[in-house]
Amino acid sequence: MSWERDTFGRWLHDLQKLSSLIPDTSIFTISDLEQRALALLNGRRRASRPNTEPAKSIPELSRMPSLDGGSDLKGTPSILGMKHWLDELGHSAASINNLNIIHVAGTKGKGSTCAFIDSILRAHGRRTGYPQKVGLYTSPHLIYPEERIRINFEPLPKDLFAKYIFEVDDLLSRSGPHDFAKRPRYLQLFALLAFHTFISEGVDAAIFETHHGGEYDSTNVIEKPIITAITTLGLDHVKQLGSSIESIAWHKAGIFKSGALAFSAPQETTAAEVLRKRASDKGVSLQFVDPDPSLPANVVQLKPDVQRTNCSVALATVRSFLDQKDNKSRSRLSSSDILQGISQFSWPGRFQLVIDNQFQWFLDSAHNEMSVSIAAEWFLETSKMQTITSPVARILIFSLITDQRDAAAVFERLATSLASSEIQHAIFTTYERDQDSESKNNPQPKILGTPSRDQQVYATIWRRAQPDTSISFEPTIQGALALARKLGEDHGSVQTLITGSQHLVGGALSLLQTMETRETGNETEI
């Protein structure tokens, strides 16, 4: 029986135990229990980001050097409290280390690199028997929260997800009442949940993606990873990590640990120098990984070229991991493992194509200047490779609502990168999925009576770059998709790029997936 199917029986077995954690459990469905579990998680969200300086007495902060464009940390670093809370859950440093962790940080490509590592390990495990269970922790989720915690790439089933949330909450509550500031925050609690789940499920290997940063990230409680990896670095989360590439690199390299090999994607010179210096200070062997020439050519899973870079870092990481850990089969990674791992690779919401008759939806959650350039390049290249029927309508759907980066600069880069796209229609929307949704991540009113200030700025930028384009504003993602369909109904083919925030892409993908779909790699046919 598969791991996924077996969980239902385990849920029934654990229901009696669960009833001691929640009064009147018998009157709830699994959906009810999941909603209660999610309420516990969401209750740990801060109302706003802190704006006070961290306490001078925090010893961890003494490690941070003074750099031009250095970070301006506010509040309490996320790593503080993690060891204590893990102790409360009954998990020692040794039990964390026994998960055989691959720890990944970076600015772009973290999720894809983690997914490639996961996929190649699973392919090897099917052939050799090791590893049999691979845990994967990433963030944020695209559609459902349980996507963040996966075993053998399957998101944790809703029943098991709820069970472990209640267990973690119960164990953390036993030490007595705490005020909000002394309990784990949302991302800290999710990381604790991932550690607890992977230990409880007995995974053979676990891949952890940092939330952002590295040095002070809550996942950096990991003391002895097997491998660490850094993906492509760039400027993002500058309020927390700094406005210089040197500061960004310093924070990301915080995951380097003595005794664990480190791999990195190729970096610009200043970033590479910081990574080398931090690796040397920690006694870590650091290898920069160039694109692997043995990777297959012209496969959709390795397009655009950044995916070839991400896969190369993943491949080097897996080879080194297996050299150290695969004591059972003594079998090295084979070419068939690699090809199978690439063939089955999927990372929804990144460079994903959904095909619905004449409608071709190109989805990529690109939300900084580096990523929108790549999203535009991918759209321009991939759209030309598709079978189309004239006349062709090309449409852009975009939304980015943030105070963490310069949204106007991000969209300016996108507009410039799409100069040759021949897009005829631009639709600016929000994060609201539909008329009935209420997004906790959307700081705007639920239904916009007029375009927001950001949307007006985007429209001005787009008119300047593409003066012949029609521009529309839609208050919901569902409305944006419906308008795209209406605009393209008289065309033989409709190619729509949906990009910006992951909240937009996740909402759009969930709506597109309400119809029966068939996926091939990162392509989906409806």
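## Basis of the report

Two strands are said to pair if DSSP finds at least two bridges between them. Helices (H or I, at least four residues) and strands (E, at least two) are themselves DSSP runs, numbered from the N terminus.

The structure is a predicted model, in which local features need pLDDT of at least 70 and side-chain atom pairs count only at pLDDT 80 or more, while totals for chains, interfaces and linings use all residues. Residues are numbered from 1 along each chain as its sequence is written, and side-chain values use heavy atoms, with hydrogens and water left out.

## The chain and its confidence

The secondary structure of the chain consists of 17 helices and 16 strands. Of the 526 residues in the chain, 57% are buried; buried means under 20% relative accessible area, exposed over 50%, and partly exposed in between, for a 1.4 Å probe and protein chains only. A contact means heavy atoms within 4.5 Å. Among contacts between residues at least 6 apart in sequence, 76% join residues at least 24 apart.

The predictor's confidence in each residue is given by pLDDT, from 0 to 100. The mean pLDDT of the chain is 86, and 81% of its residues reach 70 or more. Over residues 439-446 the pLDDT is below 50, and this stretch has 19 contacts in the model beyond near neighbours in sequence. Residues 516-520 also have pLDDT below 50, with 12 contacts in the model beyond near neighbours in sequence. Where pLDDT is low, the predicted coordinates should not be read in detail.

## The eight-stranded sheet

An open sheet of 8 strands has the order β4-β3-β2-β5-β1-β6-β7-β8, and its pairing is mixed. Strands β4 (154-155) and β8 (286-288) stand at the edges with a single partner strand each, so one side of each is left without a neighbour in the sheet.

Strand β2 (residues 134-137) pairs with β5 in the parallel sense over 4 bridges and with β3 in the antiparallel sense over 3 bridges. Strand β3 in turn runs antiparallel to β4, to which 2 bridges join it; here the bridge partner of Arg150 is Pro155 in β4. In a regular strand the side chains alternate between the two faces of the sheet. In β2, Val134 and Leu136 point one way and Gly135 and Tyr137 the other, and all are buried.

## The nonpolar cores

A nonpolar core is a set of buried Ala, Val, Leu, Ile, Met, Phe, Trp, Tyr and Cys residues joined through side-chain atoms within 4.5 Å. The largest such core has 37 residues, and those with the most contacts inside it are Phe195, Phe198 and Phe208. At least two residues of this core come from each of α2 (30-42), α3 (82-88), β3 (149-151), α6, α7 (186-201) and β5 (205-209). Helix α7 supplies the largest share, 9 residues. Apart from this core lies another, of 35 residues, among them Ala115, Leu136, Ala314 and Val318.

Leaving aside its neighbours within four places in sequence, Phe198 is in contact with residues including Leu99, Tyr137, Ile149, Ile151, Ala206 and Phe208. Helix α6 (residues 158-173) has 16 residues, which at 1.5 Å a residue should span 22 Å; its end C-alpha atoms are 22 Å apart, in agreement. The expected span is 1.5 Å times one less than the number of residues. Among the buried residues of α6 are Leu160, Phe161, Ile165, Phe166 and Leu172, and also Asp159, Lys163 and Glu167.

Glu215 is placed in the loop between β5 and β6 (227-230) and counts as buried because its relative accessibility is 3%. A polar contact of 2.9 Å joins its side chain to that of Arg278; a polar contact is a pair of N or O atoms within 3.5 Å, where within protein one must be able to donate a hydrogen and the other to accept it, and residues adjacent in sequence count only if both atoms are side-chain atoms. Glu215 and His251 are 36 residues apart in sequence, yet 5.0 Å apart in space, C-alpha to C-alpha.

Ser383 lies in helix α13 (residues 369-385) and is buried, with a relative accessible area of 4%. A polar atom of its side chain lies 2.6 Å from the backbone oxygen of Phe379. Val306, in helix α11 (residues 305-325), is partly exposed, with a relative accessible area of 26%. Beyond its neighbours within four places in sequence, Val306 is in contact with Phe351 and Ile374.
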